[in-house]
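Subject: Structure handover

Hi,

Here is the structure I promised to pass on to you.

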Amino acid sequence: MYKTILFDVDGTLINTETAVLGSLQKMLLLEYDKSYSFEELAFVLGIPGSRSLPQLGIQDVDRANELWNMYMRQFEDTIHVYPGIQETMEQLSSRGVQVGIVTSKTRTELTDDFEPFGLMKYLSIVVCADDTELHKPNPEPILKFLEKSKADPSKSIYIGDTIYDSQCARDAGVSFGLAVWGANPANKIPAQYYLNHPNEIIKLADC
């Protein structure tokens, strides 16, 4: 079915929700005297800080992003790989499926939050927020991946957990699989496939 499988990172490969929201909540309170609940901040999941911080009334976005990343180090022990992800990526890679990621993380954030888990070895191409001018839900990140990989869109699928991922995949002309294990069940997110466990991805691979 699919020769190329693209993954989102946060909420799909690794669980960073507590770290992302907890660090943002703390940063906003201590640095900007702004108090928000996790529910009020949940919209930031899946989009880069350059897009989310202005919506919170932050003007010095670069400084705020640096502070956010600094506070996130205090929540490192809450980040973990979802069960079944490593085994799934290992099988896909061993079967010759092209595996990559398209993420709203910057390269620095990917290095800090993702690389320590040892999953980079399964990836052929990585597209981060630094690599495109526009970001999810705009299709540019996936289109950049397709350009770099020369992958056939009709044989490619993006696995993600948010409405931003779904819209990005749709407008880039690739299929979308919802990572139910990381998605908010209250959100109705359109997808071609609703995946309850990472090992279900293997059945979608053309190998």
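The residues lining the second largest pocket divide by class into 3 nonpolar, 8 polar and 4 charged. Please keep in mind that this is a predicted model.

Staying with the second largest pocket, its volume is about 210 Å³. Its lining is made up of 15 residues, and Gly49, Ser50, Asn65, Thr106 and Glu109 are the closest to the centre. Helix 3, helix 4 and helix 6 are the elements that each give two or more residues to this lining, with helix 4 supplying the largest share, 5 residues. Domain 1 (4-15 + 80-204) and domain 2 (16-78) each contribute at least three residues to the lining of the second largest pocket.

Now to the largest pocket, which has a volume of about 670 Å³. It is lined by 38 residues, of which Ala42, Val44, Leu45, Gly46 and Thr162 are the closest to its centre. By class, this lining has 17 nonpolar, 13 polar and 8 charged residues. At least two lining residues come from each of helix 1, helix 2 (38-41), helix 4 and helix 8 (163-172). Helix 4 gives the most here, with 4 residues.

Helix 4 deserves a paragraph of its own. This helix covers residues 61-72, and its 12 residues should span 16 Å at 1.5 Å a residue; the C-alpha atoms at its ends are 16 Å apart, which agrees. Which residues of helix 4 are buried? They are Val61, Ala64, Asn65, Leu67, Trp68, Asn69, Tyr71 and Met72. The cover over these buried residues includes helix 1 (17-32), helix 3 (49-52) and helix 6 (107-113).

Searching the whole structure for cavities of 30 Å³ or more turns up 1, and the largest cavity holds about 30 Å³ of space. Thr103, Ser104, Val127, Cys128, Ala129, Thr132, His135, Lys136 and Pro141 line the largest cavity. Sorted by class, that lining has 4 nonpolar, 4 polar and 1 charged residues.

Best wishes

Note on methods: Residues numbered from 1 in each chain as written. Predicted model: local features only at pLDDT ≥ 70, side-chain atom pairs only at ≥ 80, totals over all residues. Heavy atoms only, no water. 1 Å grid on protein atoms, 1.4 Å probe; cavity = no way out; pocket = protein on both sides within 12 Å on 5 of 7 lines; lining within 4 Å. Points joined across faces, edges and corners; volume = space filled by probe spheres on them. Nonpolar A, V, L, I, M, F, W, Y, C, P; charged D, E, K, R; others polar. Expected span 1.5 Å × (residues − 1). Buried < 20%, exposed > 50% of the residue type's maximum accessible area, 1.4 Å probe, protein only. Contact = heavy atoms within 4.5 Å. Domains from an automatic or database assignment.
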